[in-house]
Structure formats: structure tokens, C-alpha cells
Amino acid sequence: MPNLEVERRDGRGGSMESHAAYLVVFAGGSRPEISEQLRPMLPRWIATASRRSHAQIPRRAVGTKTTAAISANFNSRQLGTYAQTHRVVSSQQDGDIAHFFDQPSTSTYHSKLLSLSQRTGLFGQPELSSPQSLNDLAERTVRRAQLLVDRLHEARSSRQEMKKVVKNFDRLSDMLCGVIDAAELIRHAHPNHEWVDAANNAYESLCSYMNVLNTDVELYRVIRAVVADTEISSTFTYEQRQTALIFIRDFEKSGIHLPPAARAEYVELSDAVNVLGRTFSAPSQRSSVYVRSSELKGMPSWARDQLSRRSTFSGKLRVPPGSYEAAVIEKYSPNEELRLRLHVAESQPEPNKIDALEELLRVRDRLAKLVGKPNFAEWSLEDKMARNSDHVMHFLRALEAHERPLARSEVDRLARAKQAYLNLPGLPAVQAWDRDFYSTQLQLQAKAREDGVSSGSSDMLFSAGSVFQALSSLFNNIYGLRLQPVEVKPGETWHADVQRLDVVDDSESPVGVIYVDLWARRGKHSGAAHYTVRCSRRIDDDDSDADFTLSGQPNFDRGQAQILEPHSSGMTFTQSGKTLQLPIAALVCEFIPPAKSKISTGLTWFEVKTLFHEMGHAIHSMIGRTDYQNVSGTRCATDFVELPSILMEKFLTSPAVLSLFPSSPSAPIPSYPDLMRHIRETNTLPAIESHTQILMALLDQIYHSSPSGLSTTAELHKLQDTIGLFPSVPNTAWQTHFTHLFGYGATYYSYLFCRAIATKVWKTLFEQNPLDRNAGERFKEEVLKYGGGKEPWEMLGSLLSLPELAAGDRKAMELVGKWGVEQ
């Protein structure tokens, strides 16, 4: 299938496991078994599913700023008096949210957007009232889209129609996205198998149709002609020009501009990439390690008891690589020889995967050269902020230089822990298989020092309602937006657990809708994700009636081409003389569900960070309301899209924001010192983890920018031995577990890049006063509202008052690397 290599802009692709799953393996620790859900890659201008997977985030790599430094900003008394000395906005409506989530059976709220008088369909769309209706909608959408395609085919015969080409391409994209995005959410979250089957059918049928459009040469010629026509293109807004360029780039990334023979080869190579990627990403088939009970000596009794109840073979404990048993042993066993055996087993070479990876790199290199690029990295990066591999390498080298001293200091801590544990006269070398064990020793020491100091629960649990109340108060303070709980209509959601929040502004005007599906259940897709169900775009100038007359079918039965229309559900708003469709997003998580009493279960600190992160994406979708849906909200460059979500996590380091969480006897909020203690205990080596991510990003660039035919194992060991914190281990080939090399080829640096930018934005705008409305308005007006509709480097240069960033060149990338990724 063509265009398999288009990147997952705003994460709209297959499920990606946590980057944390790779961290310890690369640096010598344990991680869960890895498997990757793959899906076809589709041109982003036509439609790609809008799932933003929280599992894409390297959750363990949370930066390098010490909690002592964070604590220096506020003490516990300052936390209690912050609201008295700063403008902290709160409201009765914020309190309603806590009740809405924590006691849903007694809550009643009504939407200002939808009447509750009648049953509706999913997302308030009457066209999605049953599984069959989804299948019917997909068929009608294809018929309706083809009318617009026919109109575009004839556009060059009319100057008036040429002026509408970009608009009509965006309409075509939105028409298809409206169904494909809804189907993507339904097939991952709906509990009813009939709905899931219908969503899969709708998704596949539209994918098939889009593959036809991928090869439509006349569509490509039309959009190229419009951009080349200076009389027309000189009138384009930045949004309009960027939208047109997205279409052209995606067409050309499909090889549509090539001669017929080369185009056929492009399709063949793209298919090969997909096959090789599936092979490389398939579950590993590694040999287990068998452990005698005597080898578990020295482990805590609870750990030995748990392991003894696990599967055995001939009296020995069978330990599959990457398993729970392996993790327990690596964290708690003082037996270094046993930890070494497990480490080698977890990274043992898998010849079939190595072959698949190296052939994948060769095919990608050939694919890039076919379209005139020197290597795959240059092909992949041309429309990113980084622009080319040389810029990425300068960013990563600068970042590595910044992080190395911090990471080395943590390695020294491990060495001192090893020296003390083994009673050695001098500092020993720390090996990859030492990391988890001595990190655990440091955690136990920290806990022992602080036992008796804490005044709160060590569980650090928050009610879901308290988290959303804090989020609403935070958004109200910095953006002038609130989360308004709404009772859903019958048929509006895919499960009874799903709650609806309307986002409203200071004047109570609607901004968008967020559906929240928090609790785990059988059959639900794993991980936490932000889904874009519908993007905002301008609709009052659609001129859709002309689709029928100008396509040559004025008598076409319009009932056979009825599509999702925001007007039918009242989901529109008018502003500055324009009518736009309201954005709809969904947050889907798999937290432990509430008890039968309907009182919310507690969320861990990690889950609170998850919600803040995903709400960063959601609020970007709400605020980024552009005229063109292709550049709205989170539909921006891959190496820019994580900025709002990572920034949201940084708010959680502030006692001012912690003060927004409501506390009650049944769900007390921990004190700020207790929270800092909890962070210290659970995140002892943040700099090592950040440095590991840098090495992974460097490896990704090396693989995708080097001549084909390299040895992936040799390059890995060379990198580990030159700038790694731990020396390489013979007879290991960890790269076969780095399956993001397939899904994120040449773009793995993106998250680190966004972390560095978020660090700078936080320090510049929010660190001194996280609830400052002026700072929030500045970020909203200079970044969020543009979505992907403005050059990111220009936005950052203006936001940070650093005009040297505007060039987006090597120096700009290097400067971002020097900022570091502190939290």
C-alpha cells in the first residue's frame, strides 16, 4: 500500500508501548514484554486516526531537576497561603466537577449545546445510532467524497474553482476524517462487538478508498497547479498555504510524481516496509532462564515467596526474559551472576529480527533515494521543525552534553551504593545489570530516612473528581476556560462510564467537547490516549451544493450521500463573522474502576500525571480552532505536538497547582513535602533515564542516515561504548526490542525535543507564578490557538522573546539542546 512511511502526526497511528519499556534494557535493567499494535499508515491530509497514545511517552524519564530544587520554590506554609497572595480563580462549578466524577449516580447536569429531550447517536450525531448506521455512513461518505473528487478533477477549467481548491481538499479530508476518527475510537473503546466489527469495517472500507485517492494523479496536478499559480497563491494565508503544502508533500511521499515504473517500485517498496516492520515488531521468542532456589538467597522473604509460587521446571524457577519474575529478581537479588544472566537473556540476539531490521533500513534507504533524498532521515524530516538529520544530531549532541554531568552523578550514586553494599575499599564499576538492584537500594535507603517524617498516606491517591476540579481551576486561571460537566443523552456515549465535559470560556460560550472514559474494562484498548473525534474548521463558506452541480450530477439523490454534519447536532459556533464546527475529543484510560458503591477509586500520582498530560493534548484540540482542519489543534509537526502536554505535567511540580486539588476526609490531598518525598522514592535516576533516551534517539538517527548495509549490532555497541553510561555487553543485541524504529523512524528525538522546549517555556512563563493569567493568555494566543497553522519556530521565537529561533536552523536546534530536559 502506498505512503506507508507518512509519520504519525499528533500520534494518529498504531498503539505505541511506553518508552519506559526500553529505558532499563538499554541501560541495563528490566522491562515488560513488548508487543506493538500495527496499523496501516495513511496520508495525513486525507485521514489518519487521531489517537494520541499516552503510552508513547517515556513516563519514567521525567527530567533531572531535583525535588530539593523544586521544594526551594515553596515551603509547606507557602502552599497553604498561596491562594491568599495570588489571584486564584475557583468557582462553584469547579466543585461540581468533583461531585460529577466521584458520585456520578447523584449528579445531574445539562448541556447548553444539546437538548436531552430525545435519543441521539454517538458523540451527539444522529447518524451514529447503531452499528449498521456506521456501516451505512461509511458507504454514504465514500459516495459523497467521490462527488467532491469529481469536482476537484474539473477545477482547472475555472478560475473560480481554482481559488476554492485548497478549501475543497480540506473539506474532503474532514469528510473522511469525520468517520475514520470516530471508527478509530469505537473499535478501541466500545464494549459491544457488533459496534467494534462495524467500526473495523468502516475503517477498512475508507482505507481502501483512500488508497485509490493516494494514486489519483489528477488530484495531485490540481493542487500543484494552485500553488504554482502566483495570482492565487499570493493571496493565501499561512494556514491556507500550509494546508496546501501538506497535501503536496503527502502525495509526493507516496511517489505520485514519479514516472510509472518508479511509482510501481515505490508501491512495492512501501509494501515491503510494512511486511518487514511487522516481522521486526512481532513478539520476541527469547529463551527463558532457569533459576535454582538457592540462587534466590538474600532476596526479601516476600519476593522469594512470590517467586516460589511461579511456574517451575525440574525444580527450577522458569524466568522468561522481560517477565514479572525477571523484574523482581533484577530489583531485589544480590546475586550479580544471576542478574547478568537475565540481562543477557533479555537482550539476546534474535537473528530473524536483526535481519528484518537491517533489511527494513535498506528498503527505506532505497525508498528515499527513489524520491531524490540522500537517505530516509532526510525524507522523513523535511516537514518537521528539525528539517534534516544534521540539525537533529546537533540538538542531540548539545542535549547529551547538558545531561551527561547529571547522569554521571547518578551513576556515581549507584557506585557508592554498590561499594557500601559489598563493603569494598574503592568505588567499583557499575554495570548495566547493576542498575535496577542498586537503584532499589537507594530507594529503600531514602524511604528509611524519611519514615516517620511524612504526615500523610504513602499511597498518594487522588479522586478522579479532585483531579478534574484542579484541571478546571487551572484552565480557568491561565486560559479563562472551564470544564463544565454535562449529562449525556441516551446513545451519546459508548459506555455508561463515559462522562462528558463541555469546555466553555469566560462568557459561557462553547469552545468544544471532551468525552472522558477513565476506567479499565474487558476488551478495552490498553494505555491512555487522546483521540481527536472531530477537528475544528470553518464551515460557513463550504459551498457544498456545488459538489453536486459541478461534479456533473445535479440530480444525484442527496439522501444517498448524507454525511456527518455539525449542524445536525448543533455543534457549531460563530465568531468574528465565521461559523466553525466545534472540536470533539476523547480521553480514554484504563485506570482501576470505582467500587460498587460508586465512590471513585483513588488515582495514583502516575495516573494524575497521565490525566494532566492527556488534557494538555485535549486543550490544544479545543483552543487550536483554525479555518482548516488539517492544521487545527494537535495536527501539527510531530516534533512540536507534545509541547502542550509535557508543559501540563510541569504544572504538577508547583504547590500553587497542588492547592487547587480539593481535599476531604475520605480523599485527603497529600502535603507538598509528602509529595516531594514520594517523587524522590519513585524516581531515583531521572538523569540516567533521560540520557538513555538521548542514546536511543541518536541510534535512530544513525540507523536512518547511514549508508545501507551497516551492522545494527556493531553501531549499537559503538554508541554504548563511546557516550553510553554503561559499557556494552557481548552477545547482546538490544536493538531488536526498539520497535519504535519502525513506527518512529528518524523521529524518535521528537519527545526529547518537546521536553526541552517545555522546560524553557515553563521557566520563562510559569515557574514563578503558575497561575498567572497573563502568561497563560500569552501561551494561548501565541502558540495554542494556531494549532499547526503557523511556523512553530516563529511562535517560539515570539513567545520566548528569542528572535534567533525564528530561523529554525542548526544554531536554533543546538540552542534548544542546551536548555536541557529538566522538570
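Okay, a residue counts as exposed when its relative accessible area is over 50%. Hold on to that, because S576 comes in at 73% and so is exposed. One thing before we go on: what we're looking at is a predicted model.

So where does S576 sit? You'll find S576 in the loop between β11 (572–575) and β12 (578–581). There's something else to spot here: S576 has a positive phi of about 55°, although it is not a glycine. Why point that out? Most residues other than glycine have a negative phi.

Is E508 buried, partly exposed or exposed? With a relative accessible area of 31%, E508 is partly exposed.

Let's head inside. Take F591, which belongs to strand β13 (residues 584–591). F591 has a relative accessibility of 5%, and buried means under 20%, so F591 counts as buried. Who does F591 touch, once we skip neighbours within four places in sequence? The contacts are L518, W519, A520, L603, E607, T610 and L611.

Next up is D174, in helix α7 (residues 165–189). Buried or exposed, do you think? D174 counts as buried, because its relative accessibility is 11%. The side chain of D174 has a partner: a polar contact of 2.9 Å joins it to the side chain of R537. Leaving out residues up to four places away in sequence, D174 touches C535, Q581 and Q629 as well as R537.

Two packed helices are described by the angle between their axes and the distance between the axes. Our pair is α23 (residues 643–651) and α29 (residues 750–766), whose axes come within 8 Å and cross at roughly 50°. That angle is why we call α23 oblique to α29. As for handedness, the crossing of α23 past α29 is right-handed.

Which residues meet there? From α23 we have L643, I646, L647, E649, K650 and F651. On the α29 side they meet Y751, C754, R755, I757, A758, T759, V761, W762 and F766. Sort the residues of that contact by type and you get 11 nonpolar, 1 polar and 3 charged.

What covers its buried residues? The cover includes α23 and α29, along with α30 (773–782) and α32 (810–819). Of the 8 residues in α31, 6 are buried, so the helix is largely enclosed by the rest of the structure. If you want to click on them, the buried ones are P792, W793, M795, L796, G797 and L799.

Have a look at both ends of α31 while you're there. At the start, a side-chain oxygen of E791 reaches to within 3.0 Å of the backbone nitrogen of W793. Just after the helix comes S801, with a positive phi of about 55°.

Terms used: Residues are numbered from 1 along each chain as its sequence is written. This is a predicted model: local features need pLDDT of at least 70, side-chain atom pairs count only at pLDDT 80 or more; totals for chains, interfaces and linings use all residues. Side-chain values use heavy atoms; hydrogens and water are left out. Helices (H or I, at least four residues) and strands (E, at least two) are DSSP runs, numbered from the N terminus. Buried means under 20% relative accessible area, exposed over 50%, partly exposed in between (1.4 Å probe, protein chains only). A polar contact is a pair of N or O atoms within 3.5 Å; within protein, one must be able to donate a hydrogen and the other to accept it, and residues adjacent in sequence count only if both atoms are side-chain atoms. Contact means heavy atoms within 4.5 Å. Axes are lines fitted to C-alpha atoms, for helices over the stretch in contact, and angles run from 0 to 180 degrees between N-to-C directions. Angles under 35 degrees count as roughly parallel, over 145 as roughly antiparallel, 65 to 115 as roughly perpendicular and the rest as oblique. A crossing is left-handed if the near helix is turned anticlockwise from the far one by less than a right angle, and right-handed if clockwise. Ala, Val, Leu, Ile, Met, Phe, Trp, Tyr, Cys and Pro count as nonpolar, Asp, Glu, Lys and Arg as charged, and the others, Gly among them, as polar.
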